[in-house]
Amino acid sequence: MFEDQRSKTVIFVAHCILNQNSISDGTADHPGCIKEIMDLLIASKMGIIQMPCPELHCLGLDRGDVNGNTRPVVEENSRIRKMLMQSENQEKIKKIINLILYQVDEYLKNGFEIKGIVGVDRSPSCGVNSTSINNQEVEGQGVFIQKLQSELSQKNIKIEFFGIKAFEPEKARSTIKNLIE
């Protein structure tokens, strides 16, 4: 099955890697996508799966505060993280994770390779190596990534997670280059 031109290799990426317009006001480092990352992924000929943005789905585009851009990024991210922890938003995050788990299951059962899951560090939702808590960037994972890793682990699915920072495009490029080679 699937004996055509497809690579049978996919990568899951945080929504904002392909769409910086989705992130909180005052935090975009690029006008659209993170081009340095996308160029590499496109050249790799693997399928690119854009995960839904948990913050956008839970809090809207303005993240519940049209003045969020007046605060330092880690302060705004910490406020967003607290909101994501509310029970109604946890339910929304669970639904998003279930959609991703279904896709992961489908790709794996059909013999595809999943190269990894790429999140964006410092993010309150998609941070892999760092997130924002108590108005500072700290080691740890965002709310969404933490729950996604937990769910994958419970299903005994091992997928590597990688964190990049949009404001460090060359370092991010290096991380992705190592991942796809």
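**Exercise 1.** At what angle do helix α2 and helix α7 pack, and how far apart are their axes?

This is a predicted model, where local features need pLDDT of at least 70, side-chain atom pairs count only at pLDDT 80 or more, and totals for chains, interfaces and linings use all residues. Residues are numbered from 1 along each chain as its sequence is written, and side-chain values use heavy atoms, leaving out hydrogens and water.

Step 1. Helix α2 spans residues 35-44 and helix α7 residues 169-180. Their angle is about 20°, with the axes 8 Å apart.
Step 2. That angle makes α2 roughly parallel to α7 (angles under 35 degrees).
Step 3. The crossing of α2 past α7 is right-handed (the near helix is turned clockwise from the far one by less than a right angle).
Step 4. α2 brings E36, I37, L40, L41 and S44 to the contact. α7 brings P169, E170, A172, R173, I176, K177 and I180. Contact means heavy atoms within 4.5 Å.

**Exercise 2.** Determine whether Q90 is buried or exposed, and find its side-chain partner.

Step 1. Locate Q90 in helix α5 (residues 87-109).
Step 2. Its relative accessible area is 15%, so Q90 is buried (under 20%; 1.4 Å probe, protein chains only).
Step 3. Beyond neighbours within four places in sequence, Q90 contacts L84, M85, V143 and K147.
Step 4. The side chains of Q90 and K147 are joined by a polar contact of 3.0 Å (N or O atoms within 3.5 Å, one able to donate a hydrogen and the other to accept it).

**Exercise 3.** Which residue's side chain makes a polar contact with that of D4?

Step 1. D4 lies in the segment before β1 (9-13).
Step 2. Its side chain meets that of R6 at 2.8 Å.

Terms used: Helices (H or I, at least four residues) and strands (E, at least two) are DSSP runs, numbered from the N terminus. Axes are lines fitted to C-alpha atoms, for helices over the stretch in contact, and angles run from 0 to 180 degrees between N-to-C directions. Angles under 35 degrees count as roughly parallel, over 145 as roughly antiparallel, 65 to 115 as roughly perpendicular and the rest as oblique. Buried means under 20% relative accessible area, exposed over 50%, partly exposed in between (1.4 Å probe, protein chains only).
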